Amino acid sequence: MAKAKHTKTNAIRLLEQQKIQFDVLEYETGDGQVDGVSVAEKIGHPVSCVFKTLVAKASAQKLFVFVIPVAEELDLKAAAKVVGEKKIEMLAVKELLGYTGYIRGGCSPVGMKKLYPTVVDASAREQGSIIVSAGKIGMQMHIQLEDLLAVTKAQLAPITTIQE
């Protein structure tokens, strides 16, 4: 796995250093369709297996990383409760690169500049393995959930809004 010649992102370097198995999935970005649902379609995987990485901050400038299904929305109240904060808000896109080393659309939960407290939505438990950004627009990685939890020191918790 992951021995093909791909761009080496921080996420890929970290996983290779730790000898964690993963597959890189590349997709075409020229059409501008890089939202999570479109990406799932392009890589030929069910939307329920593809997760996006969101970064939020608490009032005290503490950052948190949340990994949720691409078709869902982060429940800010539930997420704040899980990380022990009264309130959190999404990090401004212009601040993302400075804090994480990644840009919007290519933000991986693996290999950020710092290891921020990370929470993966509990729905990932049903998947066994999930697909997250590999750290660059046009690249995703398929990784075992347990490996992702270990490398990011993440916890599982219900953090998405209930879709009706």
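The legends below describe close-up views of a predicted model.

**View 1. The largest pocket and its lining.** The space in the largest pocket comes to about 570 Å³. Its lining is made up of 24 residues, and Lys52, Thr53, Leu54, Arg104 and Gly105 lie nearest the centre. By residue type, the lining divides into 15 nonpolar, 6 polar and 3 charged.

View 2. At least two lining residues of the largest pocket come from each of α2 (36-43), β2 (51-58) and α4 (93-100). Strand β2 gives the most, with 5 residues.

**View 3. The open sheet.** The sheet has 5 strands, in the order β4-β2-β3-β5-β8, with mixed pairing. Because β4 (88-90) and β8 (155-157) each have a single partner strand, they stand at the edges, and one side of each is left without a neighbour in the sheet. From one strand to the next, the twist averages 35°.

**View 4. Pairing of β2 with β3.** Strand β3 (residues 63-69) pairs with β2 in the antiparallel sense, over 7 bridges. Within this pairing, Thr53 stands opposite Val67 of β3. Thr53 is also among the residues that lie nearest the centre of the largest pocket.

**View 5. Cysteines Cys49 and Cys107.** Cys49 has 15% relative accessibility and therefore counts as buried, the cut-off being under 20%. Cys107, at 6% relative accessibility, counts as buried too. The structure holds 0 disulfides.

Methods:
Residues are numbered from 1 along each chain as its sequence is written. This is a predicted model: local features need pLDDT of at least 70, side-chain atom pairs count only at pLDDT 80 or more; totals for chains, interfaces and linings use all residues. Side-chain values use heavy atoms; hydrogens and water are left out. On a 1 Å grid over the protein atoms alone, a cavity is a set of points where a 1.4 Å probe fits but cannot get out, and a pocket is an open set with protein on both sides within 12 Å along at least five of seven lines; lining residues have an atom within 4 Å of a point. Grid points are joined across faces, edges and corners, and a volume is the space filled by probe spheres set on the points. Helices (H or I, at least four residues) and strands (E, at least two) are DSSP runs, numbered from the N terminus. Ala, Val, Leu, Ile, Met, Phe, Trp, Tyr, Cys and Pro count as nonpolar, Asp, Glu, Lys and Arg as charged, and the others, Gly among them, as polar. A disulfide is a pair of cysteine sulfur atoms within 2.5 Å. Buried means under 20% relative accessible area, exposed over 50%, partly exposed in between (1.4 Å probe, protein chains only). Two strands pair if DSSP finds at least two bridges between them. Axes are lines fitted to C-alpha atoms, for helices over the stretch in contact, and angles run from 0 to 180 degrees between N-to-C directions.
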